[in-house]
Amino acid sequence: MLRLLEGEILFYMGLGWVVKGYQHPEDAIVAYPRYDLVNSGKLRHHELKWLGEFTKYWDCVKRNVTLIPVDKVFKPLVRVNKDLTYLLSTFTDLIGVKKEEVEISGSSILSMGNPRDVDVIVYNSTFETKTMLEELLNKGVLRKASEYIVVNEYLEKHSSRMTLENYLKLKRDTILHFTLGQTHLNVKLVALSKGYSHCVDKVEDYTSYNGFFKVLERITAPLIPARYIVRVNGEIMEMESLREVYSELKPGEYYLVEGIIEERRRGRVLVPDHGVVISK
């Protein structure tokens, strides 16, 4: 079953594609190419140039996005060894979710010999899921990620976008990185169980934004889409992020570089995902 949801891995034309967001055109999926299935590795920057043929304008978001045909993709059959199977089964039992709502994501799908770092998505997550994670961490059932693990996560995924100092500030009290047994789990909590094959939150227009904003309140964070109430230049609006790195922001002042403000039907929405959020 295709979920059409953030973080889902799909195979197409010998590549592993990562689904973005929760809304897509009727006959296509918004996704970006990430993995070379032939060589079992991540695609390098120069290898992405030929993929321009998949980039098309979608009026729903008023921007160019990478689209792949929904009728020609398939989900990977992820084979895991018995140790990892037991670990994932233990994890789902601990947080009280159905096994079918948990999927392996990221580069973990390429080699499942005995990985020490596993990206996991918990779909249909609720605030009860988040609370259970916090309780397990407080009790020591799950061990909080060491700084060494957090730094490795930064080097693997975020070093080209922001400084280590800033990343550590953003993730200083993370509940989404921890160890269970000898394995580091990087968890993304996605609130939906299935996405949409049509536009559900249309963007009417957008403008770029560089400047300060203040997080006043969490609405859904750390669940993704992570939504907040923020103040931007005296104006109260919503902020929405699909990125795990911006799903745990605490109330307070931040600076956004290369963000955008979208005019949606429900109002103005600050979107930081293509930029960098800098913690004060």
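The questions and answers below walk through helix packing, a sheet, aromatic pairs and some backbone features of a predicted model.

Residues are numbered from 1 along each chain as its sequence is written, and side-chain values use heavy atoms, with hydrogens and water left out. Because the model is predicted, local features need pLDDT of at least 70 and side-chain atom pairs count only at pLDDT 80 or more, while totals for chains, interfaces and linings use all residues.

Visitor: At roughly what angle do the axes of helix H1 and helix H2 cross?
Guide: Helices (H or I, at least four residues) and strands (E, at least two) are DSSP runs numbered from the N terminus, and axes are lines fitted to C-alpha atoms, for helices over the stretch in contact, with angles from 0 to 180 degrees between N-to-C directions. The axes of H1 (residues 82–95) and H2 (residues 127–139) come within 9 Å and cross at roughly 110°. That makes H1 roughly perpendicular to H2, where angles under 35 degrees count as roughly parallel, over 145 as roughly antiparallel, 65 to 115 as roughly perpendicular and the rest as oblique.

Visitor: Which residues in H2 are met by Phe91, Leu94 and Ile95 in H1?
Guide: The residues of this contact (heavy atoms within 4.5 Å) divide into 6 nonpolar, 1 polar and no charged. Here Ala, Val, Leu, Ile, Met, Phe, Trp, Tyr, Cys and Pro count as nonpolar, Asp, Glu, Lys and Arg as charged, and the others, Gly among them, as polar. The residues in H2 are Thr129, Met132, Leu133 and Leu136.

Visitor: Which strands stand at the edges of the open sheet of 5 strands?
Guide: Two strands pair if DSSP finds at least two bridges between them, and in this open sheet, with mixed pairing, the order is E7-E8-E11-E10-E9. Within the sheet, E10 and E11 run antiparallel and are joined by 4 bridges, with Leu185 in E11 as the bridge partner of Phe178. Each edge strand has a single partner strand, so one side of each is left without a neighbour in the sheet, and these strands are E7 (102–105) and E9 (143–144).

Visitor: What kind of aromatic pair do Tyr12 and Phe54 form?
Guide: Rings of Phe, Tyr and Trp (its six-membered ring) pair if their centres lie within 6.5 Å, and planes under 30 degrees apart count as stacked, over 60 as edge-to-face and the rest as tilted. Tyr12 in strand E1 and Phe54 in the loop between E4 and E5 are 42 residues apart, and both are buried, a term for under 20% relative accessible area, with exposed meaning over 50% and partly exposed in between (1.4 Å probe, protein chains only). The ring centres are 5.9 Å apart and the planes stand at 80°, so the pair is edge-to-face.

Visitor: What is the angle between the planes of Tyr154 and Tyr167?
Guide: Tyr154 lies in helix H3 and Tyr167 in helix H4, so the pair ties together parts that are 13 residues apart in sequence. Tyr154 and Tyr167 are buried. Their rings form a tilted pair at 5.6 Å centre to centre, and the angle between the planes is 40°.

Visitor: Is Glu258, with its positive phi, buried or exposed?
Guide: Most residues other than glycine have a negative phi, whereas Glu258 has a positive phi of about 60°. Glu258 lies in strand E15 (residues 252–264). Its relative accessible area is 55%, so Glu258 is exposed.
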